[in-house]
Amino acid sequence: MTTFWSIWITVITLGSLFGCAVLLIWCTRDKMGVEEGVDMGHEYDGIRELNNPLPKWWSYMFWATLVFGLAYLFLFPGLGNWSGFLGWSSSDQRVTNVAASQQSIDSAQQSETLNQYAMELKLADEVFGKTFKSLAYTADGKALLPITEIAENSDALKVGQRLFLQNCAQCHGSDARGLLGFPNLSDTAWLYGGQPEAIKTTIMQGRQGNMPAWIDSLGKDGVTEVTSYVLSLSGRKVDQQEAAKGKTRFVVCAACHGTDGKGNPAFGAPDLTDNVWLYGGSRRAVEATITHGRMGVMPAWKDVLGEDKVQLLSAYVWSLSNSK
């Protein structure tokens with residue numbers, strides 16, 4: 001926050017509290033010039049107005065709220081850039097990436113500063129850390145349990161589901177069926193492989209998918225022809241002449257998707273024959289993908305969750321498409 005806005009907020013906040021105090025003092029003083037309880041000569045609907053002061057309990061309560069407000073503003077952040085006498089903060093607002101965030105959290109926990117986010121993470125680890133490890137590791141705590149074995153533990157799956165809802169549902173949906181541009185995790189169409197360890201690698205390390213734009217290489221007619229051929233691979237009705245021409249041009253796509261169009265998990269290249277489309281399966285959507293390309297990013301969760309939580313999360317995700 002700039003110095004100007006810091007001063008602006010401070011002046012408005014303290015000015016409002018000061019104004020309330022002045023108004024309260026003015027209202028508690030008898031300015032009528034008559035004795036307390038005397039009829040003021042005002043009547044409405046049979047109700048007479050008497051010269052009665054504000055109730056003491058109300059005045060004292062109002063003063064207490066003003067004192068509390070001032071104390072809070074000086075003890076905690078609230079006046080512009082003022083950090084408060086206690087040094088409390090909700091989180092470190094200076095961080096710009098996961099590594100810096102983790103470093104800030106570790107530093108706050110070691111120095112026991114009043115960083116609310118760091119304190120809550122430490123408390124959560126103390127309370128729930130043993131549970132995560134007991135579900136993810138062998139009895140002696142020396143090795144991680146296989147993902148397939150964890151998937152047979154209903155308690156572990158419940159924990160994995162909660163981890164999914166907290167960290168993954170924003171993109172993949174609470175039911176894991178995905179959204180436009182975010183894969184459906186409940187089917188068997190995996191970009192980088194649906195084996196347990198492949199899923200874990202995806203979650204741990206993240207993925208970066210890059211579909212290049214082909215408009216410059218193929219031209220408008222070439223994009224149209226390749227689109228027809230790609231749609232035909234999944235049994236869609238297309239112009240056969242366009243599809244035939246598109247097949248000869250598909251050689252530039254085969255390097256990633258394979259000559260049969262069934263994709264390659266090593267590159268994250270999708271299978272074009274299963275009629276499952278990450279960015280939409282309409283002709284217009286497929287044509288846009290070929291024309292402009294696509295760029296997808298799956299963030300790495302290793303440093304955010306830790307390997308024990310990732311193991312539980314992987315078991316839950318794997319179970320979605322491998323339920324008995």
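Predicted model: local features only at pLDDT ≥ 70, side-chain atom pairs only at ≥ 80, totals over all residues.

User: Okay, what's the secondary structure of the chain?

Analyst: The chain has 14 helices and 4 strands.

User: And what's its radius of gyration next to that of a compact globule?

Analyst: The chain comes out at 32 Å, while a compact globule of 324 residues would be near 20 Å. As for its extent, the C-alpha trace spans about 105 × 60 × 45 Å along the principal axes.

User: How much of the chain is buried?

Analyst: Buried residues are 29% of the 324 in the chain. The chain exposes about 20800 Å², and 58% of that is supplied by carbon and sulfur atoms.

User: What about charges, how many positive and negative side chains are there?

Analyst: There are 27 positive and 32 negative side chains, and the centres of the two sets are 7 Å apart.

User: Which residues touch the most other members in the largest nonpolar core?

Analyst: Those are F164, L312, L313 and V317, in a core of 27 residues. Helices α4 (116–136), α5 (147–150), α6 (154–167), α8 (196–205) and α14 (307–320) each supply at least two residues of this core. The largest share is from α14, with 7 residues.

User: Let's zoom in on L313. What is it in contact with?

Analyst: If you skip its neighbours within four places in sequence, L313 is in contact with G160, L163, F164, C168, I203 and L305. There's also a second, separate core of 15 residues, with W214, L218, L231 and I290 among them.

User: New topic: where is E225, and is it buried or exposed?

Analyst: E225 is in helix α9 (residues 215–232). Its relative accessibility is 12%, so E225 counts as buried. The cut-off for buried is under 20%.

User: What does E225 touch, then?

Analyst: Not counting residues up to four places away in sequence, E225 touches E242, A243, K245, G246 and R249.

User: Now a loop residue. Where do I find N275?

Analyst: Look in the loop between α11 (251–257) and α12 (283–292). At 40% relative accessibility, N275 counts as partly exposed. N275 touches S234 and R236, again leaving out residues up to four places away in sequence.

User: Last one: which strand is G41 in, and what is it in contact with?

Analyst: G41 lies in strand β1 (residues 39–44). Aside from neighbours within four places in sequence, G41 is in contact with R48 and E49. The C-alpha atoms of G41 and N51 are separated by 9.9 Å, and those residues are 10 apart along the chain.

Note on methods:
Residues numbered from 1 in each chain as written. Heavy atoms only, no water. Rg over C-alpha atoms; globule rule 2.2 N^0.38 Å. Buried < 20%, exposed > 50% of the residue type's maximum accessible area, 1.4 Å probe, protein only. Areas by Shrake-Rupley, 256 points an atom, 1.4 Å probe, with all protein chains shown as cover. Lys, Arg positive; Asp, Glu negative; His and termini not counted. Charge placed at Lys NZ, Arg CZ, Asp CG, Glu CD. Core = buried A, V, L, I, M, F, W, Y, C linked by side-chain atoms within 4.5 Å. Contact = heavy atoms within 4.5 Å.
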